[in-house]
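This report describes selected side-chain contacts, the surface and the backbone of one protein model. Please consult the sequence and the structure shown here while reading.

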Amino acid sequence: MASSKEYIEFVLDQCNGLSARAMMGEYVLYYGGKVVGGVYDNRLLVKPTKSAKALMPNAEYQLPYDGAKEMLLVEDVEDRDFLGKLFEAMYEELPEPKKKK
């Protein structure tokens, strides 16, 4: 099941600096140009960085799709303040995007 346009728009509205790129019916999420996670089957999943695990110690690990690495499920998508803190904290830990040739 692909994610709905309404759900991805809702997620993007929840956090300034968040953008998305459609990929095979799902969406990869970027914060400040860095990949932080994605929306898969109407679920917000983020990379399991140290800060994400610290901010969501009881978060459930889920697979975005078969063959992928596990990611953390963000259950409190309605909390704008939390999402801002989460993505800001994750940003510092994530690698810079690779330069295109």
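## Basis of the model

The model is predicted; local features need pLDDT of at least 70 and side-chain atom pairs count only at pLDDT 80 or more, whereas totals for chains, interfaces and linings use all residues. Residues are numbered from 1 along each chain as its sequence is written, and side-chain values use heavy atoms, with hydrogens and water left out.

## Aromatic pairs

A pair of aromatic rings is described by the distance of the centres and the angle of the planes. Here, rings of Phe, Tyr and Trp (its six-membered ring) pair if their centres lie within 6.5 Å; planes under 30 degrees apart count as stacked, over 60 as edge-to-face and the rest as tilted. By this rule there are 3 aromatic pairs. Tyr-31 and Tyr-91 form an edge-to-face pair, because their ring centres are 6.2 Å apart and their planes stand at 75°. Tyr-31 belongs to strand E2 (residues 26–31) and Tyr-91 to helix H3 (residues 80–93), so this contact ties together parts that are 60 residues apart in sequence. Helices (H or I, at least four residues) and strands (E, at least two) are DSSP runs, numbered from the N terminus. Tyr-31 is buried at a relative accessible area of 12%, while Tyr-91 is partly exposed at 23%. For these terms, buried means under 20% relative accessible area, exposed over 50%, and partly exposed in between (1.4 Å probe, protein chains only).

A tilted pair is formed by Tyr-40 and Tyr-65, with 6.1 Å from centre to centre and 50° between the planes. Tyr-40 lies in strand E3 (residues 34–40) and Tyr-65 in the loop between strand E5 (61–62) and strand E6 (71–73), so the pair ties together parts that are 25 residues apart in sequence. Tyr-40 is buried, its relative accessible area being 11%. One aromatic cluster consists of Tyr-31, Phe-87 and Tyr-91. Lys-34 also lies over the face of Tyr-91, at 4.0 Å from the ring centre; such a charge is counted if NZ of Lys or CZ of Arg is within 6 Å of the ring centre and within 35 degrees of the ring normal.

## The largest pocket

The largest pocket holds about 450 Å³ of space. On a 1 Å grid over the protein atoms alone, a pocket is an open set of points where a 1.4 Å probe fits, with protein on both sides within 12 Å along at least five of seven lines; lining residues have an atom within 4 Å of a point. Of the 15 lining residues, Met-23, Val-28, Tyr-40, Pro-64 and Tyr-65 are the closest to the pocket centre.

E2 and E3 are the elements that give two or more residues to this lining, and E2 gives the most, with 4 residues. By class, the lining of the largest pocket has 11 nonpolar, 1 polar and 3 charged residues. In this scheme Ala, Val, Leu, Ile, Met, Phe, Trp, Tyr, Cys and Pro count as nonpolar, Asp, Glu, Lys and Arg as charged, and the others, Gly among them, as polar.

Helix H1 (residues 5–14) has Tyr-7, Ile-8, Val-11 and Gln-14 as buried residues. These residues lie on the same side of H1, because they cover an arc of only 120° around the axis. The arc is that of the directions from the helix axis to the C-beta atoms. The face of H1 turned away from this buried side carries the exposed residues Lys-5, Glu-6 and Asp-13.

## Loop residues

Which loop holds Asp-41? Asp-41 lies in the loop between E3 and strand E4 (43–46), and Asn-42 is found in the loop between E3 and E4. Asp-41 has a positive phi of about 50° although it is not a glycine; for Asn-42, also a residue other than glycine, phi is positive and near 60°. Asp-41 is partly exposed at 29% relative accessibility, and Asn-42 is partly exposed at 28%.

Asp-76 lies in the loop between E6 and H3 and is partly exposed at 38% relative accessibility. Its C-alpha atom is separated by 13 Å from that of Phe-87, 11 residues away along the chain.

Notes: Points joined across faces, edges and corners; volume = space filled by probe spheres on them.
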